[in-house]
Amino acid sequence: MELYDVNEFWKFDLRVGLVKRAEKLKRTKKLIKLEVDFGSEQRTIITGLADQYTPEDLEGKKFIFVLNLKPKKLSGVESQGMLIVAESEDGKVYLLPVPDEVPIGTKVW
């Protein structure tokens with residue numbers, strides 16, 4: 001395992017966001033388009049979880065997102081961040097919902 005200085009970790013802007021809307025992207029097997037509210041702004045974030053989760057599993061829930069990644073187009077839609085999940089060695093992905101009492105936009109560290 002490669003070790004990093006803690007200053008590398010602080011470069012990432014991790015925030016709590018509320019998934020306002022989620023929909024599977026047509027003509028894809030794994031992509032779900034999320035409309036996420038961070039309080040001061042809303043962003044579109046694409047996640048590749050449709051093989052294990054439905055849009056309904058994500059909609060209306062709070063999760064942790066990385067916000068300061070370079071935007072990337074996936075299936076013609078620009079993704080403006082990344083959803084944080086856990087993944088086991090066998091490829092099973094686990095959602096990490098944030099408790100309701102945590103305000104959207106809260107910084108995570």
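**Side-chain contacts in a predicted model**

Me: Starting with Glu 8. What is its relative accessibility?
Reply: Glu 8 has 37% relative accessibility, so it counts as partly exposed. The classes are buried under 20% relative accessible area, exposed over 50%, and partly exposed in between, with a 1.4 Å probe and protein chains only.

Me: What should I know about the model itself?
Reply: It is a predicted model, where local features need pLDDT of at least 70, side-chain atom pairs count only at pLDDT 80 or more, and totals for chains, interfaces and linings use all residues. Residues are numbered from 1 along each chain as its sequence is written, and side-chain values use heavy atoms, with hydrogens and water left out.

Me: Which residue forms a salt bridge with Glu 8?
Reply: Lys 11 does, with the closest N and O atoms 3.3 Å apart. A salt bridge here needs a side-chain nitrogen of Lys or Arg within 4 Å of a carboxyl oxygen of Asp or Glu. Lys 11 is exposed, at a relative accessible area of 52%.

Me: Why would such side chains pair at all?
Reply: Opposite charges can pair when the charged atoms come close.

Me: How many salt bridges does the rule give?
Reply: The count is 6. Among them is Arg 21 with Glu 23, at 2.7 Å from N to O. Arg 21 is partly exposed at 45%, and Glu 23 is partly exposed at 27%.

Me: Which residue meets Asp 13 in a salt bridge, at 3.7 Å?
Reply: Lys 107, N to O. Asp 13 lies in the loop between α1 (6–9) and β1 (14–24) and Lys 107 in strand β10, so the pair ties together parts 94 residues apart in sequence. The elements are DSSP runs numbered from the N terminus: helices are H or I with at least four residues, strands are E with at least two. Lys 107 is partly exposed, at 39%.

Me: Switching to rings. How many aromatic pairs?
Reply: The structure holds 3. Phe 9 and Trp 10 form one that is edge-to-face, 5.3 Å centre to centre with 75° between the planes. Rings of Phe, Tyr and Trp (its six-membered ring) pair if their centres lie within 6.5 Å; planes under 30 degrees apart are stacked, over 60 edge-to-face, and the rest tilted.

Me: Give me another pair.
Reply: Phe 38 and Phe 65 are edge-to-face, at 5.5 Å and 85°. Phe 38 sits in the loop between β2 (32–37) and β3 (42–47) and Phe 65 in strand β4 (residues 62–66), so the pair joins parts 27 residues apart in sequence.

Me: Are Phe 38 and Phe 65 buried or exposed?
Reply: Phe 38 is buried at 4%. Phe 65 is buried at 0%.

Me: Which cluster do ring pairs make?
Reply: Phe 9, Trp 10 and Trp 109 are linked into one. Phe 9 is partly exposed at 38%, Trp 10 is partly exposed at 44%, and Trp 109 is exposed at 72%. Trp 109 is in the segment after β10 (107–108).

Me: Which residue lies over the face of Tyr 94?
Reply: Lys 92, at 5.4 Å from the ring centre. The rule wants NZ of Lys or CZ of Arg within 6 Å of the ring centre and within 35 degrees of the ring normal.
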